[in-house]
Each structure stands twice: as structure tokens, then as C-alpha cells.
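Here is a briefing on a predicted model.

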Amino acid sequence: MSISLEGVYHTYQPNSAYETNALENINLVIEEGEFIGIIGHTGSGKSTLVQHLNGLLKPTKGKVIVDGCDISAKGTRLKEIRKKVGLVFQYPEYQLFEEDVFRDIAFGPINMGLSPDMVIKKVKKAMKMVHLDYEKYRSLSPFTLSGGEKRRVAIAGVLAMEPKYLILDEPTASLDPQGRDEIVSHIVDLHNCGLTVVLVSHSMDVVARLAQRLVVMHQSKIYYNDETRKVFSEYDGLQKIGLDVPTVTKLMVRLKKEGWSVRTDVITVEEAREEILKVVR
């Protein structure tokens, strides 16, 4: 099972003075169980791309196929697609609207017509997945929570629909270091529980730590699509389009130029530590 995009184009405001090509000839397969990072500058097409994955946007040209179902085909039930593919927008706390945490997370299951007992079961399960204590948080107003807690409530609201694929658009944006680390830890847990995760991020350090594969967007096209380590080894190519590499990768490149015998394809702090210790010893 997978999500595949075949020759996908998307044009905003076609046949007008404001016509904009947001996606051009996108070919991409997301296999079940993968953890994929998507990076690129603002305006490169990242958010437009992920909104095609659950049918919020439809291609101007091309196909998006979710588990064998063409989302643009006549008779396709987008409601079913959106159960499979959960999308958490950037600044998901703006998606919160109910009086208390329970009702916010329960909104999707209630609208699925589930019984009250089943709704409670799904809410409890979703809250457990993002490490929110049910008894502690269920009656609280989501608007009184910290930024990181609000993000977790919003993610739980999507998880309550029990999707196979979870799309996260900049989930750590504007959080303090503690909130960011908490969200990152919970995303890792979700992937370990079997969810397919697609993470859009401006943080090279975050995607280097989490993603198995990186898709680099540039000017509405896919610029790179490869294993994370291989993409970040394209140091000059990424700099050419104005993108950075993880902090530790930059450090290793600098040390190499200074004559240290270290690898320059290092992407995590742990790997950097081992490389430096080899030289020091």
C-alpha cells in the first residue's frame, strides 16, 4: 500500500493575471511505514504538495493515488481518503475550537457517527499516543494549554480518526526548545507504532534526526528525492538553492577542511561525537 503522485501539476487561479504554477510534474511514491521529510524554501511547493495527499487539493493535471484509489476519479469518497490520510497543518493550535480538550479530540469520531463509548475509547487512545493524561486534560480548555500541549491536542484530534498516514506541516514551528523536543519525541513514538509519517520542516537538524528519506522542493519541482544521508551529502547542491545542512554536518565539513580525518556525511550529534573521538584518540 502507498500514496503515489504521478505527473502532478497544480495551478492556482488559472487563466487569470494571478496564475501561479505551484507544482510541476511531481512524481513521488510514499510507501506504507516510511518516515519522509520534505524540505524547501517558503513558496517551493511543500504545503501545496502535502494538501494533495488527502484530497484537500486536487491536481490540475496528473493523478494522486491512495492505496490504489485515484482521489480525482468519479465516485471516490474523499471522506474515506481523509480517514486514511491525516493532515496536521502548520500552527495546528489554530484548528482548536471546542470548549474542552475532550470535545476537540472527539470532533472527528463524533462526526463519523460512532457510539459514545467508542468515541471515548478513540479519544483515550489518541491522547495516550501523544502522552496526554486523559483524566488530567479532558476537561481543560485547550486555549489554556502551553504551545506544545496545544500541538499535541491537535495531533490527537487527527489520530482519533485512526489514519494510516500522518502528514505534519511544520509541527515544531515557533515552539520553545522544550516544546519542540517533546513534539519530536512523540512523532518518533507514532512512527514506531506503525504510522507512516510525512514531515514538512524548515529544520535540517530535525529532519536529519527523524527522516529516512528526504524530498527537496525547489521552484515547484522535486530537486532531490533520496536517503536523508545522501541528500545532505549534496552540500554544494543544497547551498546552490539556498538550503542548509544539519549543524553537525557543517561542523564536520569545516573540520575536514582544517585537516581532520573525519567523515562529512555525518548528520547526527551522536555520529559526530564518534568521528571526533576517533581522531582525538
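Phe97 is partly exposed, with a relative accessible area of 46%; buried means under 20% relative accessible area, exposed over 50% and partly exposed in between, with a 1.4 Å probe and protein chains only. Phe107 is also classed as partly exposed, at 40% relative accessibility. The model is predicted, so local features need pLDDT of at least 70, side-chain atom pairs count only at pLDDT 80 or more, and totals for chains, interfaces and linings use all residues. Residues are numbered from 1 along each chain as its sequence is written, and side-chain values use heavy atoms, with hydrogens and water left out.

**Aromatic pairs**

- A search of the whole structure gives 3 aromatic pairs. Rings of Phe, Tyr and Trp (its six-membered ring) pair if their centres lie within 6.5 Å; planes under 30 degrees apart count as stacked, over 60 as edge-to-face and the rest as tilted.
- Helices (H or I, at least four residues) and strands (E, at least two) are DSSP runs, numbered from the N terminus.
- Phe102 and Tyr134 form another edge-to-face pair, with 6.3 Å centre to centre and 75 degrees between the planes.
- Phe102 belongs to helix α3 and Tyr134 to helix α5 (residues 134-137), 32 residues apart, and this pair too links distant parts of the chain.
- Both Phe102 and Tyr134 are buried.

**Helix packing: α3 with α6**

- Two packed helices are described by the angle between their axes and the distance between the axes.
- Helices α3 and α6 pack at about 30 degrees, with axes 7 Å apart. Axes are lines fitted to C-alpha atoms, for helices over the stretch in contact, and angles run from 0 to 180 degrees between N-to-C directions.
- The α3 and α6 crossing is right-handed. A crossing is left-handed if the near helix is turned anticlockwise from the far one by less than a right angle, and right-handed if clockwise.
- Val101, Asp104 and Ile105 of α3 meet Val153, Ala156 and Gly157 of α6. Contact means heavy atoms within 4.5 Å.
- The contact of α3 with α6 has 4 nonpolar, 1 polar and 1 charged residues. Ala, Val, Leu, Ile, Met, Phe, Trp, Tyr, Cys and Pro count as nonpolar, Asp, Glu, Lys and Arg as charged, and the others, Gly among them, as polar.

**Helix packing: α6 with α7**

- The axes of α6 (residues 147-159) and α7 (residues 177-192) come within 10 Å and cross at roughly 20 degrees.
- Helices α6 and α7 are therefore roughly parallel to each other. Angles under 35 degrees count as roughly parallel, over 145 as roughly antiparallel, 65 to 115 as roughly perpendicular and the rest as oblique.
- The crossing of α6 and α7 is right-handed.
- Gly148, Arg151, Arg152, Ile155 and Leu159 of α6 make the contact with Glu182, Ile183, His186 and Leu190 of α7.
- By class, that contact of α6 with α7 counts 4 nonpolar, 2 polar and 3 charged residues.

**Helix packing: α11 with α12**

- The axes of α11 (residues 247-257) and α12 (residues 269-280) come within 9 Å, crossing at roughly 20 degrees.
- That makes α11 roughly parallel to α12.
- The crossing of α11 and α12 is left-handed.
- On the α11 side, Val248, Leu251, Met252 and Leu255 meet Val269, Ala272, Glu275 and Ile276 of α12.
- The contact of α11 with α12 divides into 7 nonpolar, no polar and 1 charged residues.

**Leu243**

- Leu243 lies in the loop between α10 (235-240) and α11.
- Leu243 is buried, at 9% relative accessible area.
- Leaving aside neighbours within four places in sequence, Leu243 contacts Ile39, Gly40, His41, Met204, Val216 and Leu238.
- Leu243 and Val216 are 27 residues apart in sequence and 9.4 Å apart in space, C-alpha to C-alpha.

**Positive phi**

- Asn25 has a positive phi of about 50 degrees, although it is not a glycine.
- Asn25 is in strand β2 (residues 20-31) and is partly exposed, at 44% relative accessibility.
- Gln219, a residue other than glycine, has a positive phi near 50 degrees.
- Gln219 lies in the loop between β9 (213-218) and β10 (221-227) and counts as exposed, at 57% relative accessibility.
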